[in-house]
Amino acid sequence: MTVKTAAGCISAATAVVVNAQPATPAAPTASVTQPTCTVATGTITVTSPSPATGITYTVVGTNPVIAAVTNTTGIFPGLPEGDYNVTANNVSGCISSPTSVTLSLSLTTKTWNGTWSPSAPTSDDLAIINANYSASSNGDLNACSLIINCGYKLTVEAGKFVIIQNDLT
């Protein structure tokens with residue numbers, strides 16, 4: 001390499017070595033534990049590349065926007081529902097392509113039309129009342145969320161119960 005000054009003087013040649021770019025980590029593979037009715041947050045676990053010296057993992061929420069969290073285990077618990085990008089980072093500062101992961105609460109819908117379809121709800125289900133419902137005649141009710149459609153009523157007699165973990169509409 002030589003340097004030329006504004007006056008036109010050229011320096012003596014000096015050898016310069018340009019190293020090859022360090023290897024970029026592979027895009028991570030991740031498994032998810034989805035939120036449930038009773039645990040409103042989920043977990044992202046990086047399964048590949050495996051934790052190793054000099055490797056860190058970063059999760060960034062993209063919708064909603066959540067600040068980056070970086071660790072060396074690749075396990076990110078307590079994340080709210082949303083879309084995330086997961087990257088692997090090496091000691092050279094190289095960052096992998098992102099892997100997109102979505103955490104979402106997905107409830108199975110159980111509908112009352114005089115009988116439960118497809119089956120009676122549990123604490124992880126969305127129950128919809130689409131006909132009058134009496135706990136003394138039809139049994140106690142336990143659901144994650146409950147929707148009572150217009151024109152129908154839910155009756156809970158003495159000694160009976162309805163347990164709803166989240167929304168009642």
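Is Lys 110 buried or exposed? Lys 110 is buried, at a relative accessible area of 9%. The model behind this note is predicted. My points follow.

1. **The salt bridge.** The structure holds one salt bridge. Its partners are Asp 125 and Lys 110, whose side chains meet at 3.2 Å, N to O. Asp 125 sits in strand β10 and Lys 110 in strand β8 (residues 108–112), so the pair ties together parts 15 residues apart in sequence. Both ends fall under the 20% cut-off for buried: Asp 125 has a relative accessible area of 5%, and Lys 110 has 9%.

2. **The rest of the Asp 125 site.** Asp 125 belongs to strand β10, which spans residues 125–129. Leaving out residues up to four places away in sequence, Asp 125 touches Leu 107, Thr 108, Lys 110, Ala 120, Ala 143, Cys 144 and Ser 145. Asp 125 counts as buried because its relative accessibility is 5%, against a limit of 20%.

3. **Aromatic pairs.** There are three aromatic pairs in the structure. One of them is Trp 116 with Tyr 133: the ring centres are 5.7 Å apart and the planes stand at 55 degrees, so this pair is tilted. It links distant parts of the chain, with Trp 116 in strand β9 and Tyr 133 in strand β11 (residues 133–134), 17 residues apart. Trp 116 and Tyr 133 are both buried. Ring pairs also bring in Trp 112, which forms a cluster with Trp 116 and Tyr 133.

4. **Two cis prolines.** In general, most peptide bonds are trans. Two bonds here deserve a look. The bond from Ser 48 to Pro 49 is cis, with omega near -5 degrees. Pro 49 is in the loop between β2 (42–48) and β3 (56–63). The bond joining Ser 117 and Pro 118 is also cis, with omega about 0 degrees. Pro 118 falls in the loop between β9 (116–117) and β10.

5. **Glu 81.** Where does Glu 81 lie? Its place is the loop between β5 (75–79) and β6 (82–89). Glu 81 counts as partly exposed, because its relative accessibility is 39%. The side chain of Glu 81 reaches the backbone nitrogen of Leu 105 at 2.9 Å. The C-alpha atoms of Glu 81 and Ser 104 are 5.0 Å apart, while the two residues are 23 apart in sequence. Contacts of Glu 81, not counting residues up to four places away in sequence, are Pro 35, Pro 64, Leu 103, Ser 104 and Leu 105.

6. **Thr 99.** Thr 99 is in strand β7 (residues 99–103). Its relative accessible area is 19%, so Thr 99 is buried. That value should be read against the cut-off: buried means under 20%. A polar atom of the Thr 99 side chain lies 2.5 Å from the backbone oxygen of Pro 28. Which residues does Thr 99 touch, not counting those up to four places away in sequence? They are Ala 27, Pro 28, Tyr 84, Asn 85 and Val 86.

7. **Asn 142.** Strand β12 (residues 141–143) holds Asn 142. Asn 142 counts as partly exposed, because its relative accessibility is 28%. Its C-alpha atom is separated by 6.0 Å from that of Ile 164, which is 22 residues away along the chain. Asn 142 touches Pro 121, Thr 122, Ser 123, Ile 163 and Gln 165, with residues up to four places away in sequence left out.

8. **A nonpolar patch.** Met 1, Val 16 and Val 18 make a nonpolar surface patch of about 350 Å². Val 16 is placed in the segment before β1 (29–33).

Methods:
Residues numbered from 1 in each chain as written. Predicted model: local features only at pLDDT ≥ 70, side-chain atom pairs only at ≥ 80, totals over all residues. Heavy atoms only, no water. Helix = DSSP H or I, 4+ residues; strand = E, 2+ residues; numbered from the N terminus. Buried < 20%, exposed > 50% of the residue type's maximum accessible area, 1.4 Å probe, protein only. Contact = heavy atoms within 4.5 Å. Patch = residues over 30% accessible without salt bridge, like charges linked within 9 Å, V, L, I, M, F, W, Y side chains within 5 Å. Areas by Shrake-Rupley, 256 points an atom, 1.4 Å probe, with all protein chains shown as cover. Salt bridge = Lys/Arg side-chain N within 4 Å of Asp/Glu carboxyl O. Polar contact = N/O pair within 3.5 Å; in protein donor to acceptor, adjacent residues only side chain to side chain. Phe/Tyr/Trp six-rings, centres within 6.5 Å; stacked < 30°, edge-to-face > 60°.
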